[in-house]
Amino acid sequence: MPKCVGCRVCELICSYHHKKAFQPSVSSIKVHDLGKGKYSVSVSKEDRDKRIKCDSCEGEDFPLCITFCPTEVICLSPRGIEVIQI
Amino acid sequence: MKTWAPIKLVGKTLRVDLSDEKIEVTKEGAGAYKNFLGGKGINQYFLYKEVKPDTKPLDPDNLLIIGAGLLTGTLIPGATRTSFDTKNVFNGGVGSANVGGNFAPGLKFAGFGNVIIKGKAEKPIYIWIENGSVEIRDAGKIWGKGTLETTKWICEDVGEEGVQIASIGPAGENLVRGACIMVNGTRAAAKCGVGAVAGSKNLKAIAVKGSKAVEVAEPERFMELAKRAWRKIRFSRTTKIIRAGRTFSTLEAKNAICNMPQRNFQDGYMDPEKVRMVNSEAFAKYEISKFACFSCPVWCRAYYKVEDGPYAGIEGEAVEMNSIADFASKLDIPYAPAVIKAHLMCNYYGMDIDAAAGAIAWAFEAYEKGVLTKKDTDGLELKWGNHDVLMKLLKKMAYRESFGNLLAEGSYWASRKVGKESEEYAITMKKQDLYEEVRVPKGWALGVALSTRGGGHCSGAPLVEREKFPSGVAEKIYGVETTTDPTTYKGKAKLVVFHERFHNVLHSTGICLYTSAWVYPDWLNPDDIAELVSAATGLEITSEELLKIGERIHNLERAFNALHAGFDRKDDYLPERFFKEPIKSGPYKGEKLDRKKFDKMLDENYRIHGWDEKGIPKRETLKRLGLGYVAKDLERAGIIR
């Protein structure tokens, strides 16, 4: 099953959505390096530590992180954007 | 309303003088990017301007320059690479090493594009860059440690996660000629002895973390183009192949054109049985995960673990095409766990695998011929296929221990010490050890011969001589009628000229060769990149103009080599073995290089470049490229009249 490969394009496109700039430190979505080529991903549901809360890409046709993710681990859910790695 | 300024993409320039402990931040990059883009281009611009010809590579006055590509930090697929530029430790000419991983994005998010390091610290230090603040910190506790351990220690020392760290290991500290710089202990800025230059400065590492923004001039246009580029790479045929089999997906195809350095280039063909033991399928057994560099959908990296056999318990990120060529073919060790082990050892010590295998394979052949005996080799029997001996020699080499001290010089300098005709099988270009076999694909041969940094296949060598494309593709992408017959000399000089310029564009924009049309025509080509650069910078730049920047950088390097190393046509010839000894087996048995035809390729390459018959850039060529000051230097040195 598909796994996050740590490319971090989700962070880049998310920060672009919020600020029209590339600034992973403020993205709603964050990739965590677990070592040995494994990654976990978290999505902020509130503004915290300079990170901007996820607004499910309000104003866009479709959430950008989902469109860009090359392994398709980011999903739509009733709770908003979620990352599922089985 | 925010306005864009070039510095928001290019990044500031950081100057560190380790002798005086002086730190200076400038905006010089913003003045240089129009002519040199970023990354290697801007680095070489500073290197040429500020290092004198009589400075030696390990002198404090030599500069070590780090450059993030112009487009790194944005989401262009594969735009993640860092260039390290300095005087070449093997030959005193151009030194340039390129690396993936995530170091350059780290530098850009901290607000920097280039770091220029001069001088020598009194004792081991590392440089810590966090957003605008720069510190020189004590590295006494990690001097002597391997690169992975260094990475972990520095993260703790600065108390942060997600730090990008470029460090040297024992090889750099011991000034081994082939010492490299490792990013986070696993990705190598491998060539030209950049690790030894850092070691000579008592510079253990550069660590960086940032939370700033990278911005482009025309965000909406840029995003449309980036989306297209992302889709182009993500859904391409080549991406599927590389994802599955990594950078050695094409191992069988490479062997099919007898392009393997079998037993120190005694042959170019590897027994297919042996190839099967070290191909993508063979390594997949040991793979724990596949993953990617920053902003890349190809995910060509992998983490391995070995559970059985003599190397049970080893694990780490390792293995590229070069590792298989260097260890499985050049040393005739077709055993996957040994390839993983040797690669991990070189990561730890911070040593270029090409340089390590080059020196060791030379020694194996010298031993085979009786020129070296057990008396010379610390009692070790240097027999082809002996991986136990390989691991022992890697360690001796990294520490310049006993016989390792000779190996640490690289095969060119080692063979000059030993003599007894061992110079004949020191397979080097401009004194740096080669990984590239060259007898069959003539364009590849020419590109390797002309490479400004001394061998290597990422400064002019084409990769496309072995596959058929639909008609018109070769013309459209590479500017030549056809690329598909490896053995023909026709058209290859022009093919190499294209690659010499295109590679410089890639090294300066920070785009990885593994999302570029160097690998295959369905990947990013000069038109794609010209559009991206235009939208990123607001400059309207065509692909011709982009390749002209590549040409400018190339001429600058050629002049640097002439002034600093005395290089000209005589240094563009591959080792005699490739002209005298034919391939012994396989589909291209009997093939070798023809000296007259090679000479004609050199003549044509020089002519297209606007160089004289010695391969020196002509005055009018340099002036056309805005390098009038370079022409004056060459005149003053009596190199052009």
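1. A salt bridge is counted here where a side-chain nitrogen of Lys or Arg lies within 4 Å of a carboxyl oxygen of Asp or Glu. By that criterion there are 2 salt bridges between chain A and chain B, and one of them is formed by the side chains of Glu72(A) and Arg234(B), at 3.6 Å from N to O.

2. The model is predicted, so that local features need pLDDT of at least 70 and side-chain atom pairs count only at pLDDT 80 or more, while totals for chains, interfaces and linings use all residues. Residues are numbered from 1 along each chain as its sequence is written, chains are lettered from A in the order in which they are written, and side-chain values use heavy atoms, with hydrogens and water left out.

3. Contact (heavy atoms within 4.5 Å) involves 26 residues from chain A and 33 residues from chain B. The two chains bury about 2300 Å² between them, 65% of it on carbon and sulfur atoms; buried area is the accessible area (1.4 Å probe) lost on putting the two parts together, summed over both. On the chain A side, Phe22(A), Lys36(A) and Phe68(A) lose the most area to chain B, together 29% of what that side buries.

4. Away from these counts, chain A has a strand pair (at least two DSSP bridges), in which β3 (residues 74–77) and β4 (residues 80–83) run antiparallel and are joined by 4 bridges; strands are DSSP runs of E, at least two residues, numbered from the N terminus. A hairpin of 2 residues connects β3(A) to β4(A), and Ile74(A) stands opposite Val83(A) of β4(A).
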